[in-house]
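Take a moment to look over the sequence and the model together.

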Amino acid sequence: MRQLISNYGLFLREFRRTFHTTGAILPSSPRLGRALARFVPDATSNGGGSDSQRRILEAGPGTGAVTNQIVARLGERDRLELVELNDRFVAHLRERFTREPALAAVASRMEIHHAPIQDLPGTAQYDVIVSGLPLNNFSVELAESILTSYKRLLKSGGTLSFFEYVAVRPMRTIASGQKERRRLRGLTELLGSLCRQHEFARQMVLTNVPPAWVHHLRFE
Ligand SMILES: C[S@@+](CC[C@H](N)C(=O)[O-])C[C@H]1O[C@@H](n2cnc3c(N)ncnc32)[C@H](O)[C@@H]1O
């Protein structure tokens with residue numbers, strides 16, 4: 001309970017301090033976390049069993065709400081990498097991976113990159129990417145560059161799972177000026193076209209504040 005309060009307190013402070021990149025008032029609910037981690041198959045359903053090693057990347061872990069669900073599904077040999085922009089979230093996560101038994105158990109197979117996802121080097125590195133980034137807060141150019149990084153970093157046949165809040169773009173469009181409406185239209189086109197081409201599953205999660213769509217994509 002103390003951990004939950006600490007996570008919520010930090011998230012709320014960072015929402016106020018860095019709204020643009022934090023993008024949400026509360027961490028994701030366990031249900032949303034599970035939906036996002038759906039294609040991190042748990043060890044028992046892992047085709048190669050615990051012998052196959054998968055690399056999983058979580059972009060924008062924040063206080064680690066989705067990380068908890070990913071860790072619960074990690075196989076014995078799987079590696080988890082987190083990439084987070086915000087130094088306070090990074091410090092909080094490092095502390096959690098030292099102190100909390102469930103997270104400490106995988107700490108030797110986990111790495112935190114304190115960087116924007118766009119700066120993460122490499123090609124075809126990961127089997128699964130789980131994204132918590134608030135794409136709807138970004139310019140079309142930044143969202144495009146983040147999506148290009150996901151495509152570059154995913155292995156062939158790998159899965160990208162990301163979420164967006166239900167109806168957030170239409171609702172914001174009503175209350176905004178011309179420039180903002182243009183940005184939102186651009187994001188609708190970008191994400192719409194991406195999903196039309198590559199989405200193979202989607203799920204609405206109502207038990208989250210606010211409710212969210214989870215999109216699952218494969219590029220090849
Ligand atoms: C909506 S919060 C999600 C936090 C957490 N995944 C959850 O669901 O509770 C977005 C997170 O993405 C991080 N972030 C935003 N832009 C980023 C970027 N370009 N690269 C890496 N992390 C970023 C923020 O600092 C924040 O932790």
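Predicted model: local features only at pLDDT ≥ 70, side-chain atom pairs only at ≥ 80, totals over all residues.

A124 is not a glycine, yet its phi is positive, at about 50°.

Next comes the ligand. Which residues come nearest to the ligand, of the 25 around it? They are T22, S28, G60, E84 and I117. Three of these can be followed down to single atoms. In S28, an N or O atom of the side chain is 2.4 Å from an oxygen atom of the ligand. In E84, the side chain again provides the N or O atom, which is 2.5 Å from an oxygen atom of the ligand. With G60 the backbone takes part: one of its N or O atoms lies 2.8 Å from a nitrogen atom of the ligand. On its own the ligand has 590 Å² of accessible area, and the protein covers 98% of that.

Helix 2 (19-22), helix 4 (65-73) and strand 2 (79-84) each contribute at least two residues to the shell. By type, the shell holds 15 nonpolar residues, eight polar ones and two charged ones.

The last topic is how helices pack. For two packed helices, the description consists of the angle between their axes and the distance between those axes. Start with helix 1 (residues 2-17) and helix 5 (residues 87-99): their axes are 11 Å apart, and the angle is about 170°. Helix 1 is therefore roughly antiparallel to helix 5, since the cut-off for that term is an angle over 145 degrees. The two helices, helix 1 and helix 5, have a left-handed crossing.

Now turn to helix 7 (residues 140-153) and helix 9 (residues 178-198). Here the angle is about 20°, and the axes of helix 7 and helix 9 lie 9 Å apart. Because of that angle, helix 7 counts as roughly parallel to helix 9; the term applies to angles under 35 degrees. The crossing of helix 7 with helix 9 is right-handed.

Methods
Residues numbered from 1 in each chain as written. Heavy atoms only, no water. Near = heavy atom within 4 Å. Polar contact = N/O pair within 3.5 Å; in protein donor to acceptor, adjacent residues only side chain to side chain. Areas by Shrake-Rupley, 256 points an atom, 1.4 Å probe, with all protein chains shown as cover. Helix = DSSP H or I, 4+ residues; strand = E, 2+ residues; numbered from the N terminus. Nonpolar A, V, L, I, M, F, W, Y, C, P; charged D, E, K, R; others polar. Axes fitted to C-alpha atoms, helices over the stretch in contact; angles between N-to-C directions. Parallel < 35°, antiparallel > 145°, perpendicular 65-115°, else oblique. Left-handed = near helix turned anticlockwise from the far one by under 90°.
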